[in-house]
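Have the coordinates open as you read.

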Amino acid sequence: MKKIIDLNTYTKILKLALPAIAGLSTQMIVSLVDTAMVGRLDNAAYALAAMGLGVLATWAIVSFFSSLATGTHVLIAHNNGAKEYHSCGKVLDSSIILGFSVGLIVSLVFVVFSSTIANFFAADYTVGKLAGDYLFYRFLGIPFFLITVSFRGFYFGIGNTKVFMFSGIIVNVLNIIFNYIFIYGGFGIKPMGLAGAGLGSTLATVCDALYYFIVALYSGLRPKYNLFKYIIPDKQILKKILSISLPVSFQNIFILLGFLSFIAITGLIGTEEQAASQLVISSLFVSIMPCFGFGIAAQTLVATAIGDNDIKAAKHFGNETSKIATIYTIFVGIIFTLIPDQFLLIITTNRELIAVAIPALKIAGFGQIFYAIGVVLSNGLQAKGNSLFVMIAEVIMNCLIFVPAGYYFGVYLGYGLKGAWATLPVYVIIYSTAIFVKFNFGDWSKAKSVI
């Protein structure tokens, strides 16, 4: 009987996780392809270092606001589990209005200060100039990105991750095409180098927002969930979205600022070391993106079970999802340990950078094995209203342990890139342990009150 139950559990998990992973994997592929394109420019070392800063700076800003998806996701999953279907449409409408309004303001501010942000984190003038040009174009797409964030939260919440999968495939194919055209030039457009990667990504984001609107308008879900009926956002819903999302926002910003600071620290070791760190981070997308897909599945299943007043099922889904995700990260860790050079050749043909990156990738490959537990169960904790705990745990482990330790061992003690990256497994293991204990032994009595 237990095997049948487990089989049903894994079927539900994979039914949600696999399309989400497919969608996220297209982002991973685009990241690798973008890095490969930039890695083949004449000034590859400078361009890769600048791209590392640019990508992390963009994520730091966007991720602060993209957590609106978490609040939207959790509320819709709870309401869907409780069979309050019309409430789901009200949540989506309020989320879209909030996201687009915030996005316009944020885009305007950060476009103006894109060069200032880049030069603050860059140790080299050329790296700062290239990163500033990239950020200028990337920040233009923020309002459209936050529209897609609201739609993702809705479809994740009702358990339809296939829409996100097709979105990821379509928009990221367009991303690759646009980036190739603008980076190298084509159709009468002059080559823009790294700045072209920023412009191409923004145009693809605009297409993504249009895709979600078209699907929502012409799908059979519109009448069931009462979509696009509310032009004025509901204040109570906005309050609930923000109460769930804001701790996640600060968590995301501290994670990415932490890694941005870490990249800046590797720049103090050397430009090649900074470029090599970008290669390692791009490689880690192979592990991180699928883990996020499993996290999406866990969040949907945990929140839906809570909405249905089944706490036992909520804990079961969270733990079983983390087990499947860990099996995957073990497989990735074996690849990073045994054939790191062959994997890095996918990203760049620069043998000198590969040689510098290999030891760091092996260390990161070990650390990421334990990341699955932290990612999956943190999503489960957010589904039960423990976003603040997850944020505090991440801030302490990332910004107060990982980054200072990276500087201490890598720069101060002079152990170089290996010394800096050796602090990653320590950070990941401690964080994942804290999340595991809170999820399995914390108080679940107030989980239902999130709705």
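1. Start with Thr329. Setting aside neighbours within four places in sequence, Thr329 is in contact with Ser287, Cys291, Gln368, Ile369 and Ala372. Thr329 sits in helix 13. Thr329 counts as buried because its relative accessibility is 0%, against a cut-off of under 20%.

2. A word on confidence, since this is a predicted model. The protein chain averages a pLDDT of 84, and 95% of the residues score at least 70. The exception I'd flag is residues 1–5, where pLDDT stays under 50 and the model has zero contacts beyond four places in sequence. Where pLDDT is low, the predicted coordinates should not be read in detail.

3. Salt bridges next: how many does a search of the whole structure find? The count is two. One of them joins the side chains of Arg152 and Asp208, at 3.9 Å from N to O. This pair links distant parts of the chain, with Arg152 in helix 7 (residues 142–157) and Asp208 in helix 9 (residues 194–218), 56 residues apart. Arg152 and Asp208 are both buried.

4. Are the two partners buried or exposed? Glu320 has a relative accessible area of 7%, so it falls under the 20% cut-off and is buried. Lys323 comes out at 48%, so it is partly exposed, lying between the 20% and 50% limits.

5. Then there is the largest pocket, with a volume of about 330 Å³. Its lining is made up of 15 residues, and Lys12, Leu16, Leu301, Thr304 and Phe317 lie nearest its centre. By type, the lining residues divide into six nonpolar, five polar and four charged.

6. Which helices each supply at least two residues of that lining? They are helix 1 (2–39), helix 12 (271–307) and helix 13 (311–338). Helix 12 gives the most to the lining of the largest pocket, with four residues.

Methods
Residues numbered from 1 in each chain as written. Predicted model: local features only at pLDDT ≥ 70, side-chain atom pairs only at ≥ 80, totals over all residues. Heavy atoms only, no water. 1 Å grid on protein atoms, 1.4 Å probe; cavity = no way out; pocket = protein on both sides within 12 Å on 5 of 7 lines; lining within 4 Å. Points joined across faces, edges and corners; volume = space filled by probe spheres on them. Nonpolar A, V, L, I, M, F, W, Y, C, P; charged D, E, K, R; others polar. pLDDT = per-residue confidence, 0-100. Contact = heavy atoms within 4.5 Å. Salt bridge = Lys/Arg side-chain N within 4 Å of Asp/Glu carboxyl O. Buried < 20%, exposed > 50% of the residue type's maximum accessible area, 1.4 Å probe, protein only.
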